Amino acid sequence: MHPLSHGRGSVSAHCSRILLLSGLLALAFLIQGFETALAHAVAEGDKGYIQEITGVNLLPFVYLGAKHMVTGYDHILFLFGVIFFLYRMKHIAIYVSLFAIGHSTTMLLGVYFNVGINSYIIDAIIGLSVVYKALDNLGAFQRWFGFQPDTKAATLVFGFFHGFGLSSKIIDYNISPDGLVPNLLAFNVGVEIGQLVALAMILIVMGFWRRTPSFFKHAYTANVVMMSAGFVLIGYQLTGLAVS
């Protein structure tokens, strides 16, 4: 049972209104940020630098990996949702490790074998992962379908999709094949460093927040907002796909 499913007899009634509100928020953001939705590209400064260098360049790729994870709001949102109701470091380590295994595997294999997935589609799926995790935290699957998905398996599977999102960004860099494997490993190390930094910041904030008496009341709202953000991400990417 999810913590938010206790004492929430009206959750089912709220869910329809939540989905409607989320859709309206997504539409509002789409209209307001239409141009931003189409700006689907690697940072030009980083891209230009990487395209100019050849050979093994470990530190630049570590930096790029860390930067992508720390500034990757879609990855951060999913990670935030995953650990939202995890209190013991053992459990946090298990879920974060599953996520890391998932995205590391598909990132490395995707780039090495040059297996690309349309960036708009994969980023829309990443947005879906945020929606899924928010619904899971809200206990919606239990209320709607009477069962609880395997959260560990879901974290690993969505980790695979997040990895394909990372690999699509690296393929966009069009990096030199000279030193490809060491540079990819360095990028992955950077991603894990960035993930640990983001996780540390999240845990610090959550640690203070969980001590407040209104945590569960605000936790419900926070997951609704996170779900809305996931719908916005999906809408952005599907809009970009439609007009690209």
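Q: With which residues is Phe 80 in contact, leaving aside its neighbours within four places in sequence?
A: This is a predicted model, where local features need pLDDT of at least 70, side-chain atom pairs count only at pLDDT 80 or more, and totals for chains, interfaces and linings use all residues. Residues are numbered from 1 along each chain as its sequence is written, and side-chain values use heavy atoms, with hydrogens and water left out. Contact means heavy atoms within 4.5 Å. With those sequence neighbours set aside, the contacts of Phe 80 are Ile 202, Met 206, Trp 209 and Met 226.

Q: How many residues does the largest nonpolar core have?
A: A nonpolar core is a set of buried Ala, Val, Leu, Ile, Met, Phe, Trp, Tyr and Cys residues joined through side-chain atoms within 4.5 Å. Buried means under 20% relative accessible area, exposed over 50%, and partly exposed in between (1.4 Å probe, protein chains only). Phe 80, Ile 83, Phe 84, Ile 202, Met 206, Trp 209 and Phe 215 have the most contacts inside the largest core, whose residues number 37.

Q: Which helix gives the largest share of this core?
A: Helices (H or I, at least four residues) and strands (E, at least two) are DSSP runs, numbered from the N terminus. At least two core residues come from each of α5 (73–82), α6 (89–112), α7 (119–137), α8 (140–145), α9 (151–173), α10 (180–210) and α11 (215–243). The largest share is 9 residues, and they come from α11.

Q: How many residues are in another core, which lies apart from this one?
A: Val 111, Ile 175, Leu 184 and Val 191 are among its members. Its residues number 16.

Q: How far apart are the end C-alpha atoms of α6?
A: The expected span of a helix is 1.5 Å times one less than its number of residues. The 24 residues of α6 should therefore span 34 Å, and this agrees with the distance between its end C-alpha atoms, 33 Å.

Q: With which residue's side chain does the side chain of Asn 188 make a polar contact?
A: Asn 188 is in helix α10 and is buried, because its relative accessible area is 12%. A polar contact is a pair of N or O atoms within 3.5 Å; within protein, one must be able to donate a hydrogen and the other to accept it, and residues adjacent in sequence count only if both atoms are side-chain atoms. Not counting residues up to four places away in sequence, Asn 188 touches Met 107 and Leu 108 among others. Its side-chain partner, at 3.0 Å, is Ser 104.

Q: How many residues apart in sequence are the parts tied together by Lys 169 and Asp 123?
A: A salt bridge is a side-chain nitrogen of Lys or Arg within 4 Å of a carboxyl oxygen of Asp or Glu, and the count by this rule is 2. One of them joins Lys 169 and Asp 123 (3.3 Å, N to O). Lys 169 lies in helix α9 and Asp 123 in helix α7, so the separation of the parts they tie together, in residues, is 46.

Q: In which helix do Asp 136 and Lys 133 both lie?
A: These two residues form a salt bridge, with their closest N and O atoms 2.8 Å apart. Asp 136 is buried, with a relative accessible area of 1%, and Lys 133 counts as buried at 5%. An α-helix has 3.6 residues a turn, so residues three or four places apart point the same way. Asp 136 and Lys 133 are 3 residues apart, about one turn, in helix α7.
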